[in-house]
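Please open the structure in your viewer and keep the selection panel at hand.

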Amino acid sequence: MRILRNGVLPALAVPALAAGAYLFAAAALSRLAVDGQPEAGEGVEVFVCTNGVHTDLVLPAVTETVDWTIDLPGGDFPGAGPGMSHRSFGWGDRAFYLETRRWSDLRLSTALSALFGRGPSVMHVYALHRPEGSPDCGVVALGPEQYVALAAFVRGSFRRDAAGRVMPLPGSGYGATDLFYEAVGHYSPFETCNEWTGKALRAAGVTVGAWTPFESGVMRWVR
């Protein structure tokens with residue numbers, strides 16, 4: 001009774017109810033299909049890969065219609081060998097990406113900044129081999145117009161200078177085959193890294209859930 005009079009229990013109930021509503025909405029909307037175009041029998045293979053928390057798009061570095069080496073030259077990835085034919089793209093909160101390279105690095109201030117969408121975002125790009133057969137990846141085949149639409153969405157996620165060039169963050173990569181770039185938008189519980197992947201797929205006409213804040217909500221559609 002004392003707890004109830006002091007208002008502690010109601011105060012705890014509000015965030016618990018909010019978290020429950022969020023999880024319910026994520027589960028329901030990630031299963032609610034936004035119908036796209038039938039998958040192309042042939043076309044550009046687009047991989048969607050997960051580390052169990054975060055999803056990336058893995059795209060060919062060069063196709064007949066899209067050449068990522070124009071925006072992302074080889075000098076950005078000095079450790080990339082000739083067999084690294086693909087580039088992975090992952091969007092997210094800048095502080096979380098750059099200051100939390102291991103879970104042990106996580107700070108409350110970083111988590112709260114990402115939670116409330118206060119900080120700038122970045123695009124993380126890796127040069128890598130074609131991830132065929134990886135259990136962590138799904139694949140969809142896109143027709144030429146679909147792939148151009150997907151590439152346009154990804155390109156539009158980079159922040160650019162007055163000359164239209166992407167804005168790399170020198171020395172920010174984890175190694176010699178990746179780099180971070182300035183990006184547009186702000187991470188929040190509603191605009192997550194996985195929802196960015198979901199939006200990219202929806203822009204390309206891929207059937208995917210209406211809202212995909214968690215990696216499982218994305219991967220269920222591409223595996």
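A disulfide is here a pair of cysteine sulfur atoms within 2.5 Å. The model is predicted, and a search of the whole structure under this criterion finds one disulfide.

**First stop: the disulfide**

Select Cys-49 and Cys-137, and display their side chains: the two residues form the disulfide, with their sulfur atoms 2.0 Å apart. This bond joins distant parts of the chain, since its partners are 88 residues apart. Colour strand β2 (residues 44-50) to locate Cys-49, and strand β6 (residues 137-142) to locate Cys-137.

Next, inspect the torsion about the S-S bond of Cys-49 and Cys-137; its value is about 110°, so the disulfide is right-handed.

Are the two cysteines buried or exposed? Cys-49 has a relative accessibility of 12% and therefore counts as buried. Cys-137, at 15%, likewise counts as buried.

**Second stop: another cysteine**

Select Cys-193, which is also buried, with a relative accessible area of 10%.

Select helix α6 (residues 144-156) together with helix α7 (residues 193-203). Their axes lie 8 Å apart and the helices pack at an angle of about 145°. The crossing of α6 and α7 is right-handed.

Now show the side chains at the contact. From α6, select Ala-149, Leu-150, Phe-153 and Val-154; these meet Trp-196, Lys-199, Ala-200, Leu-201 and Ala-203 of α7. By class, the contact of α6 with α7 comprises eight nonpolar residues, one charged residue and no polar ones.

Conventions:
Residues numbered from 1 in each chain as written. Predicted model: local features only at pLDDT ≥ 70, side-chain atom pairs only at ≥ 80, totals over all residues. Heavy atoms only, no water. Helix = DSSP H or I, 4+ residues; strand = E, 2+ residues; numbered from the N terminus. Buried < 20%, exposed > 50% of the residue type's maximum accessible area, 1.4 Å probe, protein only. Axes fitted to C-alpha atoms, helices over the stretch in contact; angles between N-to-C directions. Left-handed = near helix turned anticlockwise from the far one by under 90°. Contact = heavy atoms within 4.5 Å. Nonpolar A, V, L, I, M, F, W, Y, C, P; charged D, E, K, R; others polar.
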